[in-house]
Amino acid sequence: MDRRHLVAALAALPCLSGRSRAETRWAPERPVRIVVPFAAGGSTDLAARLLAEALAPLLGQPVVVENRAGAGGNIASEHVARSAPDGCTLIMATTSTHATNPALYKHLPFSPSQDFAAVSLVAFTPNVLVVNPAVPARSLQELIAYGKANPGRLNYGTAGPGSSQHLAAALFGRAADIRMTHVPYRGGAPAAADLVAGRVDLVFSAVIEVLDQIKVGQLRPLGVTTTRRTSQLPEVPAIGEMLPGFELAIWVGLFAPAGTPPAAINRLSQETMAALRAPRLRDRILQLGSEPVGSSAEEFAAFYARELPKVAELVRLSGATID
């Protein structure tokens, strides 16, 4: 075969890329799905849609977002765990779906640690402690003092037992040595609505989900759960500034079904990192109140292994149970 015919034959192979002559690179042969385990419109869904838009031209295929809400994210997780391991189905996993649920549910029809392959850590998302303006506290110090003087009187809304809101509140109560009353809801939106209405006193909510209410004065922010302040609320302190060691960084990241070829994992990881380095996408994720990351598959796998026991201990402290 002469050189001209050899080049033509190589160009016809679907998994080759012009980026590297030294190795054959995997490429998706059909559209890629990113399954989101929650309803459309939330912070996880918005991050997934931004990333999908940025990944499509890098992968050379459409990247679509599919929402499969229910059972605390377990419906979507099981679906992806049972999907073909061909690199074309991913899940935008969260702390809740892949770290909290293994500790919260005694019987899952899949194993978050064994049925998935890490692809890339996408972003950290701080929760912000917000109170109804009727609560007589304009700072963390005042809230803690009020809680100590009125044990059990403060009540906090959450998206349900074991949710990030629940874990953050349980950790806060322990660190501040105050006792509060848990009021679980079926989601973060109804908890935030009742907070605005004054039916509960405080909520640890994703920044993007309460930012508008903060701006118009319907809610008062007192602290964020990450070690650093967020660019969306630079005047709001990190809770750790007053309570050293306090941190609850909610994360979102991409996983593929276990058994996905390493070449596919590596390509997906590389393109995710490239997308998250682009200023446009970084700025848009920052506008959501999240911190873009982007990591190799190996880095994300190591991070995830450390998260599992850490979050399991938080679940134990919270007392949350499902089954």
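F255 is buried, with a relative accessible area of 2%; buried denotes under 20% relative accessible area, exposed over 50%, and partly exposed the range in between (1.4 Å probe, protein chains only). The model is predicted: local features require pLDDT of at least 70 and side-chain atom pairs count only at pLDDT 80 or more, while totals for chains, interfaces and linings use all residues. Residues are numbered from 1 along each chain as its sequence is written, and side-chain values use heavy atoms, with hydrogens and water left out.

**Nonpolar cores**

- The largest nonpolar core has 48 residues, and F255 is among those with the most contacts inside it, together with L129, L143, F172 and L202. Such a core is a set of buried Ala, Val, Leu, Ile, Met, Phe, Trp, Tyr and Cys residues joined through side-chain atoms within 4.5 Å.
- Apart from this core lies another, of 31 residues, which includes V63, A264, L281 and I285.
- Not counting residues up to four places away in sequence, F255 touches L90, I91, A93, H98, F116, A117, A118, V119, F300 and Y304, where contact means heavy atoms within 4.5 Å.

**Aromatic pairs**

- The structure holds 11 aromatic pairs. Rings of Phe, Tyr and Trp (its six-membered ring) pair if their centres lie within 6.5 Å; planes under 30 degrees apart count as stacked, over 60 as edge-to-face and the rest as tilted.
- W251 and Y304 form an edge-to-face pair, at 6.2 Å centre to centre and with 80° between the planes.
- Because W251 lies in strand β10 (residues 250-257) and Y304 in helix α11 (residues 297-318), this pair ties together parts that are 53 residues apart in sequence. Helices (H or I, at least four residues) and strands (E, at least two) are DSSP runs, numbered from the N terminus.
- Both W251 and Y304 are buried.
- The ring centres of F255 and F300 are 4.9 Å apart and the planes stand at 45°, so the pair is tilted.
- This pair also links distant parts of the chain, with F255 in strand β10 and F300 in helix α11, 45 residues apart.
- F300 is buried, at a relative accessible area of 0%.
- A cluster linked by ring pairs consists of F110, F116, F124, W251, F255, F300, F303 and Y304.

**The sheet**

- An open sheet of 6 strands has mixed pairing and the order β2-β1-β3-β10-β4-β11; two strands pair if DSSP finds at least two bridges between them.
- β2 (63-67) and β11 (291-292) are the edge strands, each pairing on one side only.
- Helix α4 (residues 95-104) packs on the sheet and touches β3, β4 (116-125) and β10; the direction of α4 makes about 65° with that of β3. Axes are lines fitted to C-alpha atoms, for helices over the stretch in contact, and angles run from 0 to 180 degrees between N-to-C directions.

**Strand β1 and its neighbours**

- Strand β1 (residues 32-36) runs parallel to strand β3 (residues 89-94), to which 3 bridges join it.
- R33 stands opposite T89 in β3, and the bridge partner of I34 in β3 is L90.
- β1 and β2 pair in the parallel sense over 5 bridges, and V32 has V63 as its bridge partner in β2.
- 5 of the 5 residues of β1 are buried, so β1 is largely enclosed by the rest of the structure.
- V32, I34 and V36 point one way from β1, whereas R33 and V35 point the other way.

**Helix α2**

- S43 is found in helix α2 (residues 43-59) and counts as buried at 17% relative accessibility.
- Not counting residues up to four places away in sequence, S43 touches A206, I208 and E209.
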